Amino acid sequence: MSRYQTVIEPFALAHVRVVSGDASGTVRNNMTILVNAAGRIEQVAPSIETSIPEEYHYLDGTGKTVMPGLINAHTHLFAQGKPLNPKLATPQGQRVVSKLVHSALGKPYMATTVKANAQTLLQSGVTTIRTLGDAGYEVVDLRDRIVAGEVAGPRILASGPLLAIPEGHGAPLIALTSSTPEEARENVLRNIEHGVNAIKIAATGGVTDAQKIGEAGSPQMSVEQMRAICEVAHTHGIIVGAHAQSAEGVRRALEAGVDTIEHGSVLDDELIALFRHNPNALRGYSALVPTLSAGLPLTMIDQKVTGITDIQLENSKTVVEGMVTGARQAHEAGLMVGVGTDTGMTFVPQYATWRELVLLTRFAGFTPAQAIHAATQVNAQVLGVDDVTGSLDAGKAADLLVLNSNPLEDLHALERPALVVAAGRPVFRPTVEHFQQVDELLDRVYE
């Protein structure tokens, strides 16, 4: 029997500095957090005023900082984040890989891979994730095993395969394809029947599988197809994310009613207004998830090192400039801007969610407090899980990130957590395998 099936043991984390995760960067010193046997936060109060029940394990957190667990709103668990082979990104290459991952040998391999990558995310301080493009429904199965307490892992919103047009972005490797609104509706229903609690659309072409210059960002799925998908998903209370990398692609996706724009583009007043008030979105507004971690390495690292093709490089130049500008514009306009890294993509390791916060401060005008706020409270609201996580409020799940220093003073404090707690289950001495060459390269280009 797995140790994760045992009863959660209540504990007190005493004498810690608490970073609340609000936009202004509120800090409270010498606090004690009580976590009950249901894995929920029972109390956050000054240590001097806190009475700790006898049956609670006592953890002395003197010198440590505690904040809400990070949320990563854009992940893929099928790859680790080392450079992807450009040959596998062609339609032909994707077909070969797709056949392999859906074979009798490939399915167990994929299940093992997604489990390992989810645990890497957890060990790096991420306690909630949304996947946006899976090979099949292996992440749905993993999510359910985590909920049942059979394995360790973050809270998961799992998308299953994304929804694309034939030969469109992500197809056929991680996508179901449709040519009409009726087919699109069938595909989203198929995903929902398999238990997904997130939906992803490829609204435009992308960089990774672009086969000609200008393909990334070019509109692919019709507004009518996307509207059909949004209507079905929203009926089931599920938000829809859309890969969109041009102003026109973003506009169409927003008009269709998507709830989050992934990557994004340069914005204008019309697009900003549509983000702020989107009558077709589930909650009446849409949010932007810029994924700077996935874009910037392609343009900032030498092509000989990235291994991307000339076509991918040319596509990335336009797209990445739009992503960075759009992130800054959205932040200045006060739109909902979440944090997602596109884990698994080239140079986006599963353990490096912290780096996106640094990039938001460097390229998009965020303060460290605002970046932490985006990765916790804002992401929780955007993903619709703010009733259970995203802040250190009594009654919420004990999703805690314990650090050796204050991240408001230096976001690099997030890089190596001292302790991670997910839904009341502590991960003591969290460790992940780092890709030293990738880390050194990224540290160098972002200096």
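Ala, Val, Leu, Ile, Met, Phe, Trp, Tyr, Cys and Pro count here as nonpolar, Asp, Glu, Lys and Arg as charged, and the others, Gly among them, as polar. This is a predicted model, where local features need pLDDT of at least 70 and side-chain atom pairs 80 or more, while totals for chains, interfaces and linings use all residues. Residues are numbered from 1 along each chain as its sequence is written, and side-chain values use heavy atoms, leaving out hydrogens and water.

**Cores**
- A nonpolar core is a set of buried Ala, Val, Leu, Ile, Met, Phe, Trp, Tyr and Cys residues joined through side-chain atoms within 4.5 Å, with buried meaning under 20% relative accessible area (1.4 Å probe, protein chains only).
- The largest one has 110 residues, and Ile199, Val258, Ile261, Leu292 and Leu357 touch the most other members.
- Helix H10 (residues 310–332) gives this core its largest share, seven residues; helices are DSSP runs of H or I, at least four residues, and strands are E runs of at least two, numbered from the N terminus.
- Apart from that core lies another of 16 residues, including Val16 and Ala398.

**Pockets**
- A pocket is an open set of points on a 1 Å grid over the protein atoms alone where a 1.4 Å probe fits, with protein on both sides within 12 Å along at least five of seven lines; lining residues have an atom within 4 Å of a point.
- The largest pocket has 46 lining residues, and H10 gives the most, five.
- The lining of the second largest pocket splits into 22 nonpolar, six polar and six charged residues.
- Val147, Pro154, Arg155, Ile156 and Ala423 lie nearest the centre of the second largest pocket.

Note on methods: Buried < 20%, exposed > 50% of the residue type's maximum accessible area, 1.4 Å probe, protein only.
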